[in-house]
Structure formats: structure tokens, C-alpha cells
Amino acid sequence: MVNVYIDESGNAGFLDPAQPVFALSALVISEDDAVKAKSILPATLLQGEELKHERLSKDSRRKVREGLVGLQRELLTGHPALAYVMERRFCLIQKLLMDCVPGDDLRALWIQRMAMDIYRQYDELVSSIGLDEILVLYDRVSGTQPEDSGFEEGLADLQARLRFASSRSTVVGFALGGFANGDYAWVDEFRSSCGRPNLHFSLVVGLLNEMFKIVRDDVRLVFDESPQTRKLTAAWNTPFFPQVKEVAFESSGSCLGVQLADILAGGARLVGERQFKCAINRAKEKVYCDELEKIYAETNALLYQPPYCPVLTFGRVRELFVSGKS
């Protein structure tokens, strides 16, 4: 049985403009190989501290930066390793549309384009219709079951907010007017979508889908100890993957494998910020980000398509972002 270490980066705030990209990494590595990989970093400069990408990537010392690049190159080329990167706001918009637009409505064929049209006007829609508040409310309501207390009230509030938004925005009205105005097929589509596993769990499933194309052994999943990952425990009671024999939660301070997964997630997030053309100033990390982008281009270890979405929906996300912001 092998360990699959999983960690995340960019989850400090739900819609934090300073962290628009969320990354989730998975790494298969033995304890001995993890120690060898860590030795790529200049031990005399680290002073035995826990490996955290957020801290190390801001260290301007050349040997630390070179070691950090070398470490990620070793992990990505020498071991099974993958990372998801996603622009959180865009994913929420797209997921909202997918949950509301009925499959037999022609607009279902235009979901990715409608999502991009809304995303292009994001800043304007935040001030004119309160788009951030709508997305937060949607995420809360969609995460509950229709029979749960408060669901009907939340649904009504969401529809009311979207009716107002539809009156102010042609794009939102075209994309979500049916749901906002209570069309039965649209509301039924939304109800049937509620209470499913959240995006975080979907990304974990997606990582394992890809990882198990490479790794044939039985595995022990090792997550960093956090409230977010603890919520995933019950999900594994259902045997999604027969290869998963155990799920463990370990403190990153005492688990080198989780620390290395943190390094990968942090680096992947910076690459994702570039590829999604996010307005984040990384001038001090430019050379570092250049090197990381090269490594990911060589290894093809970045994933972009959350597994709950059909291929047509997310297959061209990077292309859409580039064309939409150029």
C-alpha cells in the first residue's frame, strides 16, 4: 500500500481577490524518497522549519529559490504527482448555470459561453447586482438538501436576488431568467442538483481518477488536518475507489509528505494565476514563476476540468480565459 498525500493552496477566503485561484495537489511518494527530495533544499538555510510554499516562495535568497524549483521538478518528474487549478469565481458561475439550466433547454449548449460573458462583466456586476453575494448564497443553498430546514427560504431568497439581477443585466437575465421567475423545469433542475458533494470533494475525486491511471497499488489517502478535509471522511464510506483502503489526517508539521504536497499546490496556484490571467502582481516572483511554468508544460501535470462537469463545459477553459482577457 502506498501513501497519496493531498493538500491545497488558495483557500483562505471564499471569494478573496488576493487568491482567485484554488489549487489541490496529490503526490505519491515513499518516506525515504520524501527525505531525499527534501535534501534538494538548502538545509542550512531552512533551519529545520516546516516546508511551506507560502513562506519559501517569498524567500529572496538564490539558493532557497533554486532549491524550491529543483524540489518541484524532482516531485513532478520523479513521482506520480498531479494538481488541479481553478479560477474560483468562474467555476461558481459555471456551476450555478449547470445547476439551473435544464438539459433540454437550448441554453444548456451555451453554458460555458454564458459563464464567460458573466465573468467578463464581473466587476461591474458586483457593484450593480451584488454578484458576490449571489454566488455566496447560491453556494450555501446548493450545499443543502431540499428537505433541510431553511432550504425553501434560501431558494426563495436566491430567486428574488436573481430576478433583480435579471432586471439589471441582459446577460444574467438570458442565462438565469427561467430559474429566477420560477419556471418549473428550471427550479426542478436546481432542486435535483442540491446536496451533492462539494467542489472540493469533486476535485479530490478528479485527482484520484487521473492518479489511478498511473498507480495500481492499494492506497492510503493522507490529508492535512483541517475542518475542510475532515468533511470528506464520510464520503469514503462509499467505495468510490476500491484502491482506497484507508483515509488518514495528519498535521503538516509532522508529516513530510503533506509538506511536499503543500509545495506542489502552492506552485501550481501561481502557475494557474498566470494561465488564467489573474490580476495578481507577482513581479518579485517572475523568474520563479517562469521556471514553474516550464516544468508544468514539460510534465503536463496540471488539470483544469472539474469532474462533475461535462467535457464540453470545461475542456476549453484556458482558451476562453486567454481569448476573453487578451
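User: Taking a salt bridge as a side-chain nitrogen of Lys or Arg within 4 Å of a carboxyl oxygen of Asp or Glu, how far apart are the closest N and O atoms of Glu-54 and Lys-58?

Analyst: In this predicted model, Glu-54 counts as partly exposed because its relative accessibility is 40%, while Lys-58 is exposed, with a relative accessible area of 54%. The two residues form a salt bridge, and their closest N and O atoms are separated by 2.9 Å.

User: Which side chain of opposite charge is nearest to Glu-285?

Analyst: Glu-285, which lies in the loop between α14 and α15, is in contact with Ser-57, Lys-58 and Arg-65 when its neighbours within four places in sequence are left aside. Glu-285 is buried yet has no salt bridge, and at a distance of 4.2 Å its nearest side chain of opposite charge is that of Arg-282.

User: At what angle do helices α4 and α14 pack?

Analyst: The contact involves Leu-68, Leu-71, Gln-72, Leu-75 and Leu-76 of α4, together with Leu-260, Ile-263, Leu-264 and Gly-267 of α14; by class it has 7 nonpolar, 2 polar and no charged residues. The helix axes are 10 Å apart, and α4 is roughly perpendicular to α14, because the angle falls in the range of 65 to 115 degrees, at about 105°.

How values were computed. Residues are numbered from 1 along each chain as its sequence is written. This is a predicted model: local features need pLDDT of at least 70, side-chain atom pairs count only at pLDDT 80 or more; totals for chains, interfaces and linings use all residues. Side-chain values use heavy atoms; hydrogens and water are left out. Axes are lines fitted to C-alpha atoms, for helices over the stretch in contact, and angles run from 0 to 180 degrees between N-to-C directions. Helices (H or I, at least four residues) and strands (E, at least two) are DSSP runs, numbered from the N terminus. Angles under 35 degrees count as roughly parallel, over 145 as roughly antiparallel, 65 to 115 as roughly perpendicular and the rest as oblique. Contact means heavy atoms within 4.5 Å. Ala, Val, Leu, Ile, Met, Phe, Trp, Tyr, Cys and Pro count as nonpolar, Asp, Glu, Lys and Arg as charged, and the others, Gly among them, as polar. Buried means under 20% relative accessible area, exposed over 50%, partly exposed in between (1.4 Å probe, protein chains only). Lys and Arg count as positive and Asp and Glu as negative; His and the chain ends are not counted.
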